[in-house]
Protein chains: 2
Amino acid sequence: MANIKEIARIAGVSVTTVSRVLNNHPYVSSNKRAVVLETIEQLKYTRNMNAVHLITGRTGAVAVILPYINSFYFSIVMEGLAHEALIAQYRLIVCQTNYSREEELKVLDMLRNKEIDGVVIVSTALTPEIIAEYTVYGPIVTCQNSGKHGYSSVYTEHYAAFRHGLQYLYDKGHRKIGYCDGRQNGSSSSFRQSAYHEFLAEKRLPFHEEWMIFDCVNEESGAAIAQQLLTMPERPEAMMVAGDHIAAGLIIEARKHGMSIPGDLAVMGIDNQPIGRLLEITTIDNQLYEMGAAAFRMFHEQINGGSHCPVYRKLEHRIIERSTV
Amino acid sequence: MANIKEIARIAGVSVTTVSRVLNNHPYVSSNKRAVVLETIEQLKYTRNMNAVHLITGRTGAVAVILPYINSFYFSIVMEGLAHEALIAQYRLIVCQTNYSREEELKVLDMLRNKEIDGVVIVSTALTPEIIAEYTVYGPIVTCQNSGKHGYSSVYTEHYAAFRHGLQYLYDKGHRKIGYCDGRQNGSSSSFRQSAYHEFLAEKRLPFHEEWMIFDCVNEESGAAIAQQLLTMPERPEAMMVAGDHIAAGLIIEARKHGMSIPGDLAVMGIDNQPIGRLLEITTIDNQLYEMGAAAFRMFHEQINGGSHCPVYRKLEHRIIERSTV
DNA sequence: TTGTATGCGTTATCAT
DNA sequence: ATGATAACGCATACAA
């Protein structure tokens, strides 16, 4: 296929002039510009971007690290990211890693290899120390509160939000409170676990090992929780459920077995998902869309402004009162 | 940062030798290899992949065109794609286009610009003729049956599947059948519309404009359908619903208003989603995961085998009988 | 087995 | 306003 040299030859100008036309530089006469554009059109020429990336040292791409695409939590963060990336004319490379350290390091190596201009980490299995090593290669922004390690982050306080939810249940008179979540060793999950343990201890509420249920990933997992509850000698009277879709599964299945919500069981969801609105699930909104949008903006400011001063931004959560508590 | 030249200088060998070590070529003595690896380690050297892409003419990346990431349909196809891409050591670039022709052309231009090695189109607003123009730049595979236009495709027959569903409802004794779907002018939707119109005509079933409902995107849209049904002077007694999550919204809301499913209203979903299993929604499985997996394999065979002969593969659907019809 | 020289396609630099 | 040429970092044909 044609290259810039050939265009120059046919148009009867230098490669520099062609390059100038290509990049909308000033200082090129309108008649020469016309000739060049004409030839480009005729030969259906387009740039080999790899050459451009090589010499400019930029690629116009940002990688996003997340464990699963197919999850409400991450897909809504992605929407925020995508919206801002579009505005900034940046390309997003979505990297689903399944919490695999190896996969995540591959992405960071892409940054080192100059294949991308920056990385947004929505959730990670990597330690802050390892991530910090890569900041010399380009801007890195995380959507987790992993402390101040030399790279920017925007996050919600999962600990505080969860405590807030527990307090809400407590204020509504509930004392026997259970909790279920996705991955037991996910980072946000560990914050919620701490909040759960500490709140129960402070208020001297009853703790049962079996009231903590993990590995809930979809609606069916939620339904399974209902099954489990039914077999318990002593049941919780309220459940904190990380993810409205899980809560939905729980609620639907519980009702199937004649339980009334919130009469027999109060359910508090998290993340304000569409299914939650439908079932009128009381939930905690965590501004996930804004989290994604802000993360991209932070990257963009860093790569343009050249400011290497990291920013740490906390997003506020809020409880949406509906009818399952 | 260090480049191959510097490594060569410090290691006391030629750049060729360094390159050979980098690419695991034979014909390099073990002692020189050791020295090179040592220096690479010490200087923390990694290749500038843009240079590699430039000279090799390959990037190891494939773009995926789809309208929305945040949709069950597409995310499950993505999982199939991701699985195969991982095996083949290929990177996936997910391009959410919102059915924007402009955005989709941008992706095809990436292929032209050598930024990617191929394109998988899951859903598109582009015509087959336009897509065909780009096949000279690299392998293109679509997940739609758009006829034989010189590029491979793997697809389910939305028309046949939908007819099959209608026939199932018909066999169960239903005559007043409604239909709801997402985007009215989505490509799969148009097949379903044809199937709907033609089936009704053939069987001389009653047709009401208001029994066709579009723009259903999430659980809440499904709930809205229930509201609409209630206001109709004459209601359908069965609904074909494109997407189990929409069907879920419809069913939940309908039950809220005292309707029995399938007694007062039979509901047939599509796509065999988790929420559908939970609510025991009768549905049509379309092998979406396999569609994604097969699409990637086709790309990979084409770029390796060099075979430019397009493949057209149809996937079979099947009805999963549960309890909403 | 190793090295030299050339080229990939573009932009940056500097001269005019 | 325009052009010649260097430079980006790497892989590879060819020579040794």
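Which element gives the most to the surface near DNA strand C? Some notes on that and the rest.

1. Ground rules: this is a predicted model, where local features need pLDDT of at least 70, side-chain atom pairs count only at pLDDT 80 or more, and totals for chains, interfaces and linings use all residues. Residues are numbered from 1 along each chain as its sequence is written, while chains are lettered from A and ligands numbered from 1 in the order in which they are written.

2. DNA strand C: H4(A) is the top contributor, with five residues. Elements giving two or more residues include helix H1 (4-11) of chain A and helix H2 (15-22) of chain B. Helices (H or I, at least four residues) and strands (E, at least two) are DSSP runs, numbered from the N terminus.

3. DNA strand D: this one is surrounded by 26 residues, and Ser14(A), Tyr27(A), Ser29(A), Asn3(B) and Ile4(B) are the closest. Here H4(B) gives the most, five residues. By class, expect 14 nonpolar, 10 polar and two charged (Ala, Val, Leu, Ile, Met, Phe, Trp, Tyr, Cys and Pro are nonpolar; Asp, Glu, Lys and Arg charged; the others, Gly among them, polar).

4. Chain A against chain B: each chain puts 33 residues into the contact (C-beta atoms, placed from the backbone, within 7 Å). On the chain B side, H4(B) has the largest share, five residues. That side has 14 nonpolar, 10 polar and nine charged residues.

Conventions. A residue is near a molecule or strand if its C-beta atom, placed from the backbone, lies within 6 Å of it. Two residues are in contact if their C-beta atoms, placed from the backbone, lie within 7 Å.
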